Amino acid sequence: MVGFNPHERVHLASTEFAFAGAVSGAASRAISQPLDVIKIRFQLQVEPLKKTPTSKYYGIFQAVSCIIKEEGVTALWKGHVPAQVLSVVYGVAQYSTFEILTERIWHYLPEILTTTYRPVTHTLCGGLSGCIATAFIFPVDLIRTRFVAQGEPKIYNNFTTAVTSIWKKEGIKGFYRGLVPSLFQIGPQMGLQFGMYTLFIGLWNKAIGIWPTSPPVALESIICGSGSGAIAKLLVYPLDVIKKRLQIQGFEEARKKFGAVRHYKGPIHCLVVSVQNEGVLSLYKGLYPSLIKAGVVAGINFCVYENVCRIIALSHSIDDR
């Protein structure tokens, strides 16, 4: 089960948790990438997300049709290579850190924190592990966002040209545009996601009369994971919009064909300008595909992670016989 459990017969090593995190990250990314592309296009569009003379995108199905027509089906997986790198490395960093933190809490703090208050503990550990993982892979996330954001002709043709261009034009700071709002977003989001997942699993197990921390089955992981992912995303979504808009600063040339572009001085300025010019709802642009994606990603992520860990633990049990 996600998080250290002293009652488990087999305790995995950090490298095994890291491997499970990598597999879960790769699987969820491959399936959800089109939703991510649509979400980012919506977030970056200054014009209203409804049918107007100036709006390029105004609905999920319309956006999919437009992207396929203008850029081809493969455009729905734009930025997939850096996104896969992002997901794999993020999964490794997040899950291994999370497992280490929850184990240390059990060893050095009162046991009640890993039993009665397990969801609270997982909220704190999930938030911290999410921030550590985000800071570690942020440059890749920024490049991935720019790949998705650009139209035709492309400014960046591959990962190497993107890195070289950003380094020459923007310096080291260019790789960390939007980091602050990203940390403010990912901390609460991942904390709530891990905490609510643990809470939902406990409630599910309690409802069917088994020990609250028993390992969940696949269906249980998918349903509880999807619910926790969608709710967590909803609560912090405006910060995601601000992060994405800051990440494309200095990259305006590639956005001209998609509509108006604006320059922001920082997170607060981006928030104020967005609300003043587009209204409060601008902070929720792309919400629907984002919630679908968050639910799908979290559900698949937790399910794959739980089952990979279970398979590894089972292999150890067989070896010990």
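## A buried lysine and its partner

K293 has a relative accessible area of 12%, so this residue is buried. In this predicted model, K293 forms a salt bridge with D36, and the closest N and O atoms are 2.9 Å apart. The pair joins distant parts of the chain: K293 sits in helix α9 (residues 287-320) and D36 in helix α1 (residues 14-44), 257 residues apart.

D36 counts as buried because its relative accessibility is 0%. D36 also forms a salt bridge with R29, where the closest N and O atoms are 3.1 Å apart. R29 is buried as well, with a relative accessible area of 9%.

The structure holds 15 salt bridges. A network of them links R29, D36, K39, D141, K233, D240, K243, K244 and K293.

Another salt bridge pairs E70 with K56, with the closest N and O atoms 2.8 Å apart. E70 lies in helix α2 (residues 60-71) and K56 in the loop between α1 and α2, so this pair ties together parts that are 14 residues apart in sequence. E70 is partly exposed, at 40% relative accessible area, whereas K56 is buried, at 17%.

## The chain as a whole

The protein chain has 9 helices and 0 strands. Its radius of gyration is 20 Å, which agrees with the value near 20 Å for a compact globule of 321 residues. The C-alpha atoms fill a box of roughly 65 × 35 × 35 Å along the principal axes.

Of the 321 residues, 54% are buried. The chain exposes about 14700 Å², and carbon and sulfur atoms supply 69% of that area.

Key
Residues are numbered from 1 along each chain as its sequence is written. This is a predicted model: local features need pLDDT of at least 70, side-chain atom pairs count only at pLDDT 80 or more; totals for chains, interfaces and linings use all residues. Side-chain values use heavy atoms; hydrogens and water are left out. Helices (H or I, at least four residues) and strands (E, at least two) are DSSP runs, numbered from the N terminus. The radius of gyration is taken over C-alpha atoms; the globule rule is 2.2 Å times the number of residues to the power 0.38. Buried means under 20% relative accessible area, exposed over 50%, partly exposed in between (1.4 Å probe, protein chains only). Accessible areas come from the Shrake-Rupley method with a 1.4 Å probe; for residues, only the protein chains shown count as cover. A salt bridge is a side-chain nitrogen of Lys or Arg within 4 Å of a carboxyl oxygen of Asp or Glu.
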